Amino acid sequence: MSKKRENKYVVVADFKDLKDGNHVYIKGDKYPRENSENKPTAARIKELASIKNKMKKVLIKEQD
């Protein structure tokens with residue numbers, strides 16, 4: 001039985017995640033953090049990976 005591969009993301013610009021207890025992510029960090037209080041939804045990941053967020057810039061990208 002194969003386990004569903006979970007996408008991994010890397011932070012490309014520093015930001016405070018308002019939907020994860022105001023955790024501050026620094027460029028180069030993995031997203032989401034291992035001890036995250038909330039697992040991000042697909043919509044949240046899409047928001048952070050686009051310019052359609054409060055900072056108006058891409059904050060995370062999918063890691064190879």
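Read along the sequence, the chain follows the pattern β-β-β-β-α-β, which comes to 1 helix and 5 strands. Here helices (H or I, at least four residues) and strands (E, at least two) are DSSP runs, numbered from the N terminus. The model is predicted, so local features need pLDDT of at least 70 and side-chain atom pairs count only at pLDDT 80 or more, while totals for chains, interfaces and linings use all residues. Residues are numbered from 1 along each chain as its sequence is written, and side-chain values use heavy atoms, with hydrogens and water left out.

The overall dimensions come next. Taken along the principal axes, the C-alpha atoms fill a box of roughly 40 × 20 × 20 Å. The accessible surface of the chain is about 5,200 Å², and carbon and sulfur atoms hold 51% of that surface; such areas come from the Shrake-Rupley method with a 1.4 Å probe, and for residues only the protein chains shown count as cover.

Of the 64 residues in the chain, 27% are buried. Buried means under 20% relative accessible area, exposed over 50%, and partly exposed in between (1.4 Å probe, protein chains only). Among contacts between residues at least 6 apart in sequence, 39% join residues at least 24 apart, where contact means heavy atoms within 4.5 Å.

What makes up the largest nonpolar core? It consists of 10 residues in all: Tyr9, Val11, Ala13, Phe15, Tyr25, Tyr31, Ile45, Leu48, Leu59 and Ile60. The elements giving two or more residues to this core are β1 (9-11) and α1 (42-48). A nonpolar core is a set of buried Ala, Val, Leu, Ile, Met, Phe, Trp, Tyr and Cys residues joined through side-chain atoms within 4.5 Å.

At 4% relative accessibility, phenylalanine 15 counts as buried. Leaving aside neighbours within four places in sequence, phenylalanine 15 is in contact with His23, Val24, Tyr25, Tyr31, Leu48, Met55, Leu59 and Ile60.

A search of the whole structure finds 3 aromatic pairs. In one of them, the rings of phenylalanine 15 and tyrosine 25 have centres 5.2 Å apart and planes at 20°, so the pair is stacked. Phenylalanine 15 lies in strand β2 and tyrosine 25 in strand β3 (residues 23-25), so the pair ties together parts that are 10 residues apart in sequence. Rings of Phe, Tyr and Trp (its six-membered ring) pair if their centres lie within 6.5 Å; planes under 30 degrees apart count as stacked, over 60 as edge-to-face and the rest as tilted. Tyrosine 25 is buried, with a relative accessible area of 1%. Phe15, Tyr25 and Tyr31 form one aromatic cluster.

Aspartate 17 is also part of strand β2 (residues 15-17). With 1% relative accessibility, aspartate 17 counts as buried. Not counting residues up to four places away in sequence, aspartate 17 touches Asn22, His23, Tyr25, Tyr31 and Arg44.

Asparagine 53 is found in the loop between α1 and β5 (60-62) and counts as buried at 6% relative accessibility. A polar atom of the asparagine 53 side chain lies 3.1 Å from the backbone oxygen of glutamate 47. In the loop between β4 (30-31) and α1, there is serine 36, which counts as partly exposed at 21% relative accessibility.

Some backbone features also stand out. Most residues other than glycine have a negative phi, and most peptide bonds are trans. Tyrosine 31 and proline 32 are joined by a cis peptide bond, with omega about -5°. Asparagine 22, in the loop between β2 and β3, has a phi near 60°, a positive value in a residue other than glycine. Lysine 56 likewise has a phi near 60°; lysine 56 sits in the loop between α1 and β5 and counts as exposed at 62% relative accessibility.

Definitions and conventions
Polar contact = N/O pair within 3.5 Å; in protein donor to acceptor, adjacent residues only side chain to side chain.
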